[in-house]
Number of protein chains: 4
Amino acid sequence: MLYFNNDYAEGCHQSILDALVKTNMEQTLGYSEDSYCAAAREKIRKACGNDKLAVHFLVGGTQTNLTVIDAALRPHQGAMCASSGHIHVHETGAVEATGHKVLTLPSTDGKITARQVEQAVLAHRADGAFEHIVQPKLVYISNPTELGTLYTKQELEDLSAVCQKLGLYLFLDGARLGYGLMAKGNDLTMADIARLCDVFYIGGTKVGALFGEAVVIRNPALAEDFRYIIKQHGGMLAKGRLLGIQFDTLFTDDLYYKISAHADAMADRLRDTLAEIGAPLLVPGTTNQVFAILPDTLLEELAKTVTFSEQERVSDTHRAVRFCTSWATKAENVDTLCRKLKELAAK
Amino acid sequence: MLYFNNDYAEGCHQSILDALVKTNMEQTLGYSEDSYCAAAREKIRKACGNDKLAVHFLVGGTQTNLTVIDAALRPHQGAMCASSGHIHVHETGAVEATGHKVLTLPSTDGKITARQVEQAVLAHRADGAFEHIVQPKLVYISNPTELGTLYTKQELEDLSAVCQKLGLYLFLDGARLGYGLMAKGNDLTMADIARLCDVFYIGGTKVGALFGEAVVIRNPALAEDFRYIIKQHGGMLAKGRLLGIQFDTLFTDDLYYKISAHADAMADRLRDTLAEIGAPLLVPGTTNQVFAILPDTLLEELAKTVTFSEQERVSDTHRAVRFCTSWATKAENVDTLCRKLKELAAK
Amino acid sequence: MLYFNNDYAEGCHQSILDALVKTNMEQTLGYSEDSYCAAAREKIRKACGNDKLAVHFLVGGTQTNLTVIDAALRPHQGAMCASSGHIHVHETGAVEATGHKVLTLPSTDGKITARQVEQAVLAHRADGAFEHIVQPKLVYISNPTELGTLYTKQELEDLSAVCQKLGLYLFLDGARLGYGLMAKGNDLTMADIARLCDVFYIGGTKVGALFGEAVVIRNPALAEDFRYIIKQHGGMLAKGRLLGIQFDTLFTDDLYYKISAHADAMADRLRDTLAEIGAPLLVPGTTNQVFAILPDTLLEELAKTVTFSEQERVSDTHRAVRFCTSWATKAENVDTLCRKLKELAAK
Amino acid sequence: MLYFNNDYAEGCHQSILDALVKTNMEQTLGYSEDSYCAAAREKIRKACGNDKLAVHFLVGGTQTNLTVIDAALRPHQGAMCASSGHIHVHETGAVEATGHKVLTLPSTDGKITARQVEQAVLAHRADGAFEHIVQPKLVYISNPTELGTLYTKQELEDLSAVCQKLGLYLFLDGARLGYGLMAKGNDLTMADIARLCDVFYIGGTKVGALFGEAVVIRNPALAEDFRYIIKQHGGMLAKGRLLGIQFDTLFTDDLYYKISAHADAMADRLRDTLAEIGAPLLVPGTTNQVFAILPDTLLEELAKTVTFSEQERVSDTHRAVRFCTSWATKAENVDTLCRKLKELAAK
């Protein structure tokens, strides 16, 4: 069986595994107050080009999203996001469980625009009964988005500017950030993101780590007492050094970028094959997620030896499915997948 | 100035005022454990044709909605409603503040259908990642809806059946229930509603009372420990007899129905005039809310002597506004309004 | 039956009733944006000697406490109070339901001291694992306390100073504030309280109104967006003018103070009798609550014609009970109670 | 430096590390739906002697406590625990953040009794205003407790019986469960605990794992939809097999028990030395936590080469500190510590 259904099917990159093995019996302070976390923080600050950033390590994405959003908002405030936003769709109401409404903006490509944000906020403020409506205060975006699309530098500049103008926080979910930064056509850097967002996170779980997300906070208003809120939501890992060791490794010798580039290249190879066989993409993309529209008959055959995830029905005979590559994807497996696709398409 | 902007501009019906004055210096138990509340409960049970119903009195609608929904749901469960649902749009995230997501179903007339509910729930259950998604458990409808439309008996029977089949709670927000029950074309009775819903409430604030909503619970699972939850959310009125006295009066000699019928008749009169001048309704209706589409120029003139509330822009030159009648609306004021509309339309 | 079990057994003072009757059919804006609320706000600001105070009207005490505390705190912060504090003991976890822990300080007289607050906060800050502990941020006191005791001006000055020094909010629950201000030996004024607290409320429910508490906010950080939070917790009364009319009346011609003084005088009369028959007080006091220690045998007889509330068992043969007077207490009823006590004590 | 300040200073047991290394590049399903988790569940069920138990894996203790308690309670219900309970003292209000009050019972040894629970619940139910008070519904105990003490089989039987009689849930926090089960004098088995508690968890973080707690649910009412609630609180690990692999290893060849026994033996050695030098224990105990009362002067010297954690001041000259052993503690380090203690005591 070839697994292309997600980007968290394996353990971790060999360098991380080596580091965990090597340090296993060392004794360190708990709760991310150890020297590995300190080193990882320094490397992330350097990658972001700002030595004043607060950096915290959490275990998973939903935990990170709910912690950041809960830390940022007063009770009557909500988080705006695309209708496909992970916090809206796939986190079992984790944000609502902290008391905050998720306010959706329509989107077909997973992205939202500065103009949409501005219109929504101005409409709220102009409403005669605004106190009866949740106050939009934070903009949640993911990059890459849930559909594998990317914000351009200009788009992020615009979002950042409108957030600053309107007194909103801009929060970028980077669960797959590496795959975005290394994608063909991407013009954003880690430093751009750190400069333009109030807070964002660098995903480790899907990019080489066993688990772990590094939250980077530029806005001091969001940084205050953040560790209390991590703890309150059960996100304070006792052996925090496990997170430090992993991010320290990922940010040594550009490992994070190199393994991300590999995944994107593997996905590009698959996209080339899909183009060759005339299978359209549901959404164009250049990252590690490939949303392909294929005939049910072909997919039925393919499913016998390849796993993929279901996205949506497109017509009576075709549906969109998702193939994920990752840091761990082997080139020969992609080649096998491509060959199978060509064979099945030729039938 | 003529007020048609809402249905809570005055105090209360004279009979209620008389009762409050008459009983003012009586000493009673607090927290709705007095004899007036007991009497009101009995009358409401009788009006509902079921002497086993639990009846509780709360002060306002948002408080009632959040209390009922919080009492009904486990943490991971959400409330489904129309995209125009009051709990979704105009309660400052009160439901989310109790930790629960509001799950919207598309609607243009303020109503949702049994089929929509069934499809949403079955789609949830069929989703491969359902545990990552809020579980739909309660159906919130309002009758009349926020757009003044009404459920037919058949529609409510269908909703009730699908809820029972799928293990959902059906909750009807009756903030304007009287205006619905007495509207032309309505075929639902109070007893039907009490039979078909797991829980509903009878609105007092907008129908003759100073304030107050009577929650009627048929499903014993929702009734258990309900008073604790009222208290926890700050909804337990110390001088609860004020609620008892008001509902006792409203349910004596059919006062609740009579004053509702008056408001509907006043709105019908306005609808006749709008038809006469060729002004379409945004949504057809027969209750006390009239959503009229009128030219901006006419509305500008009208606003000098009449208050109404803004609903939405319909075209570059026309917008929809809402006129509300109520138990307190004077016929001569409606006539003045109608005359003005005709004059302005004739210009 | 003579009711001395609480101070909310009747409706409202005749002047308030008259005002409600007189204004009943007036049409006003909703949600406390009417002219009566505006007038009441002005009078309260004047009574507090500060024309910059924010004043909001809510319906009841638990609602007020949870709304103020939720508005004030970030997620990881808690409210300190005496172990007998109403928010800790008698509000069904309303504060916890907003996500915040109540942090108790030991107290036998219902009061806490500046020194206790300072020690608790400094201990928190000195704790090596402080991020694992709820951060104390708000001090909740009630005046009069749940035991009828009063803070002196010096004590409140000290609490205020320590709160300011440590960056805490000071919140005074004045559910029975009038009875405190008019009590023998009290040296605090309304203006003192408004000056020394960040936020407090003036109780109406127990002091002449049908219902209603006036929240007075001095600290602008607490005032921001307060109406959103009222609405979110279901505390925004549609016919808000009912609150405005009541507080406007209470703060006209010193009505609030006069009726409070009456209640205290009635309680003093009862305290004199208790002294006369040698019945000790559980806690010394001068407000409208009288906590008397009496023999079970006497209480059993008394209960046949008088209601009182149970406080605590003191010995095998004696227990403490509470008698409440109020603005509505009739002198002849107190005299009857006193005569009965003397008779029963003489047996 | 010798670390005795906690039991989570190292990584994981070598067998677990080996298993993680060996399986690292395998591809598995996510979210604990893999075969390693399935195998671990089976072994835990077997260890508990009940093949119907639901078993779930979470990352850390606070996360586990908040998830279990939130899953168990309705909004108005609270969790009872000893005043020293971890959920009350050291979880930054995690339980309150889910909306529930923690109700403390006085305790000096970290334990609570069936009699205390019964009295508290009966007092609640007998209170005339019980709806104004949080309803006790769940009993939280830890075993070993935060003070290293243990429940006897009889005590747990009694607690279980009273919980069943009163309709309460009994929840045992087993963060250090292994150290309890293998301690001298303990008469409880894993199967006893599984039989007597509605839900408990087996701690991995402090007993050989990198991280991880295995929740074991006997009561079906608590098991329903539990995975939704894990996800909602951010506790659903993407690479869930990491938890499965660890617990599978811990429950193979009695590893969990063997490494626990080692830690207890190391602590016993320390306790022997303390007895020898006449240093009393703050609380008697036989598990891996040693609470010793020692002179400040001695501790000052000792702190130069040994880490320990501060517990409390006992007198002007003495204080209690905690030494922790663990699965990873080396015998030679304990011997060094003991030698130092003797030397310093002899000065």
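**Briefing on the predicted model**

Phe171(D) lies opposite Val199(D), a residue of S7(D). The model is a predicted one.

**The seven-stranded sheet of chain D**

- Seven strands of chain D make up an open sheet with mixed pairing, in the order S2-S8-S7-S6-S5-S3-S4.
- At the edges stand strand S2 (54-58) and strand S4 (102-105) of chain D; each has a single partner strand, so one side of each is left without a neighbour in the sheet.
- From one strand to the next, the twist averages 25 degrees.
- Helix H2 (residues 35-48) of chain D lies across S2, S7 and strand S8 (213-217) of chain D, and its direction is at about 125 degrees to S2(D).
- H3(D) lies across S2, strand S3 (77-82), strand S5 (135-142), S6, S7 and S8 of chain D, and runs at about 20 degrees to S8(D).

**The three-stranded sheet of chain B**

- In chain B, three strands form an open sheet with antiparallel pairing, in the order S9-S12-S11.
- Strand S9 (289-295) and strand S11 (309-313) of chain B are the edge strands, each pairing on one side only.
- On average, neighbouring strands of this sheet are turned by 30 degrees against each other, direction ignored.
- S9(B) pairs with strand S12 (residues 318-324) of chain B in the antiparallel sense, over seven bridges.
- Val290(B) stands opposite Phe323(B), which belongs to S12(B).

**A covered helix in chain A**

- Helix H12 (residues 241-250) of chain A is mostly covered, with ten of its ten residues buried.
- Among the buried residues of H12(A) are Arg241(A) and Asp248(A), as well as Leu242(A), Leu243(A), Ile245(A) and Phe247(A).
- The cover over the buried residues of H12(A) includes helix H1 (14-23), helix H2 (35-48), strand S2 (54-58), strand S8 (213-217) and helix H13 (255-276) of chain A.

**The two domains of chain A**

- Chain A is divided into domain 1 (2-7 + 256-346) and domain 2 (14-254).
- The centres of domain 1 and domain 2 of chain A, taken over C-alpha atoms, are separated by 28 Å.
- Where the domains of chain A meet, 19 residues of domain 1 are in contact with 21 residues of domain 2.
- On the side of domain 1 of chain A that touches domain 2, H13 and strand S9 (289-295) of chain A each supply at least two residues.
- H13(A) gives the largest share of that side of domain 1, namely nine residues.
- By class, that side of domain 1 of chain A has eight nonpolar, seven polar and four charged residues.

**Chains D and A**

- The same surface serves both copies, as 100% of the contact residues of chain D recur in chain A.
- In this interface, 40 residues of chain D are in contact with 40 residues of chain A.
- Helix H1 (14-23), helix H3 (61-72), helix H5 (94-97) and helix H11 (226-232) of chain D are the elements that give two or more residues to the side of chain D touching chain A.
- The largest share of that side, four residues, is given by H1(D).
- The side of chain D that touches chain A has 19 nonpolar, 17 polar and four charged residues.

**Chains B and C**

- Chain B can be laid on chain C by a turn of 180 degrees and a shift of 0.0 Å along the axis, with an RMSD of 0.0 Å.
- The copies meet through the same surface, because 100% of the interface residues of chain B are also interface residues in chain C.
- Here 40 residues of chain B are in contact with 40 residues of chain C.
- Helix H1 (14-23), helix H3 (61-72), helix H5 (94-97) and helix H11 (226-232) of chain B each supply at least two residues to the side of chain B that touches chain C.
- H1(B) provides the largest share of that side, four residues.

Definitions and conventions: Residues are numbered from 1 along each chain as its sequence is written. Chains are lettered from A and ligands numbered from 1 in the order in which they are written. This is a predicted model: local features need pLDDT of at least 70, side-chain atom pairs count only at pLDDT 80 or more; totals for chains, interfaces and linings use all residues. Two residues are in contact if their C-beta atoms, placed from the backbone, lie within 7 Å. Ala, Val, Leu, Ile, Met, Phe, Trp, Tyr, Cys and Pro count as nonpolar, Asp, Glu, Lys and Arg as charged, and the others, Gly among them, as polar. Two strands pair if DSSP finds at least two bridges between them. Axes are lines fitted to C-alpha atoms, for helices over the stretch in contact, and angles run from 0 to 180 degrees between N-to-C directions. A residue is buried if 20 or more other C-beta atoms lie within 10 Å of its own, exposed if 12 or fewer, and partly exposed in between; C-beta atoms are placed from the backbone. Domain bounds come from an automatic or database domain assignment. Copies are superposed by least squares on the C-alpha atoms of residues with pLDDT of at least 70 in both.
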